[in-house]
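Please read them alongside the coordinates.

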Amino acid sequence: ACHAEATETVQEALVRQKSKEEWGSGRLEIQGPMPQRVAASRLSKYASFPGCDKDLLIDILSQRCNAQRLVIAEAYLSTFGREIPEKPQNGYCYPFQPPITKASDFTKHQKQFFCPKCVAQNDLVSDLKEKLCDHFKEVMVGLMYPPPSYDAHELWHAMKGAGTDENCLIDILASRTNGEIFQMREAYYLQYSRDLQEDIYSETSGHFRDTLVNLVQGTREEGYTDPATAAQDAMVTGQPWGDRGTLGTPAWGHGATWRPVMFQVLWETCQQRTGEHKTLLQMILCNKSYQQLWLVFQEFQTISGQDIVDAINERYDGSFQELLVAIVLCVRDKPAYFAYRLYSAIHDFGFHNKTVIRILIARSEIDLMTIRKRYKERYGKSLFHDIKHFASGHYEKALLAICAGDADDY
């Protein structure tokens, strides 16, 4: 019932297949074959006592990649918990599979960890929730979610109850790839039996809602760059600046000038024009590939003499403006964007715990090492230093274990 042999076989295959280079610049990496049953046994000793050996938890869970933590959870459940039926009615519980690399690889086993019936049987997560509290519990439980499930969990809590955490929606949806969005939507439906797009539509409004809905569809072009199309996206022929003219009106005669489309969109919106220009802008930012947008931003800068972020900040406000800027910053340098978000969460909001936890966990196996580098380059002090300065106790130790640090960070 526990598929122990299959789990061990796939874990060994996973170690062989995933080298350090393949895992990218994330902090948590597979460090060789791991005796998952030994780790599960150590965790069971922690769970047997009223008190908590929190140092043991940090040592085991924060120093493993998510794939290894899921194997530990299976071994913990099969050895010390209730058994999972071999053929559950929902059909989602299967032996462990390697992580998803593209949308088509979304395996039935991974759906097991998104299935509420199976999650309820995951004794390790249940024990963590029962015995821990406050922000330390958020970190330890968050580490046990597969990445798509963790995103779904964060989005659900950002929209449930009174009020909506717009910053959480922006951080997640502005930065995820098409494949990650597909997996996130699957996880959201399996965990909460609700459609993510419908919930976003009902919990937000205006052009902010329209842009989020566009992003969550996961229809961004990928790997396509056309300089001619970039120039067309960035500008349109029009009347000289003294005459407002019409969007797209050709004027090849004497005195005609090139107008940047995005700049014209922003300018005409400030002149109380219709919302079609906001729609055009968000369509470009949500559907063009990152490579194409790079060229568009360069064209915009060359033609208008103004950075696209400055143009957006001058002409928009509120959540819509923050979302557009987040998309632009992610296109330019995603690790730099998250370094900025971490700095703001630590210094501008008196250590906004949810934001810090969410970013460290979500990026730990993707680009956290690069985020650390950008953080120190831009703000003078290391991320490790700032976390150590503002957090405390085992919560601090858990964050530092995920973040890690170089010798000069201590």
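1. The axes of helix 12 (residues 196-203) and helix 13 (residues 206-216) come within 9 Å and cross at roughly 170°. Axes here are lines fitted to C-alpha atoms, for helices over the stretch in contact, with angles from 0 to 180 degrees between N-to-C directions. Helix 12 and helix 13 are therefore roughly antiparallel (an angle over 145 degrees). Helix 12 contributes Leu196, Gln197, Ile200 and Tyr201 to the contact (heavy atoms within 4.5 Å), and helix 13 contributes Arg209, Leu212, Val213 and Val216. By class, these are 6 nonpolar, 1 polar and 1 charged residues, with Tyr among the types counted as nonpolar, Arg as charged.

2. This is a predicted model: local features need pLDDT of at least 70, side-chain atom pairs count only at pLDDT 80 or more, and totals for chains, interfaces and linings use all residues. Residues are numbered from 1 along each chain as its sequence is written, and side-chain values use heavy atoms, leaving out hydrogens and water. Helices are DSSP runs (H or I, at least four residues) numbered from the N terminus.

3. Helix 10 (residues 166-173) is largely enclosed by the rest of the structure, because 6 of its 8 residues are buried (under 20% relative accessible area, 1.4 Å probe, protein chains only). The buried residues are Cys168, Leu169, Ile170, Asp171, Ile172 and Leu173. Their cover includes helix 9 (147-159), helix 11 (178-192), helix 12, helix 13, helix 19 (318-348) and helix 20 (353-363).

4. Tyr379 lies in helix 21 (residues 368-379). Its relative accessibility is 26%, so Tyr379 counts as partly exposed (between the buried limit of 20% and the exposed limit of 50%). Apart from neighbours within four places in sequence, Tyr379 is in contact with Ala339, Tyr340 and Tyr343. Tyr343 is 36 residues away along the chain, with a C-alpha separation of 8.1 Å from Tyr379.

Key. Helices (H or I, at least four residues) and strands (E, at least two) are DSSP runs, numbered from the N terminus. Angles under 35 degrees count as roughly parallel, over 145 as roughly antiparallel, 65 to 115 as roughly perpendicular and the rest as oblique.
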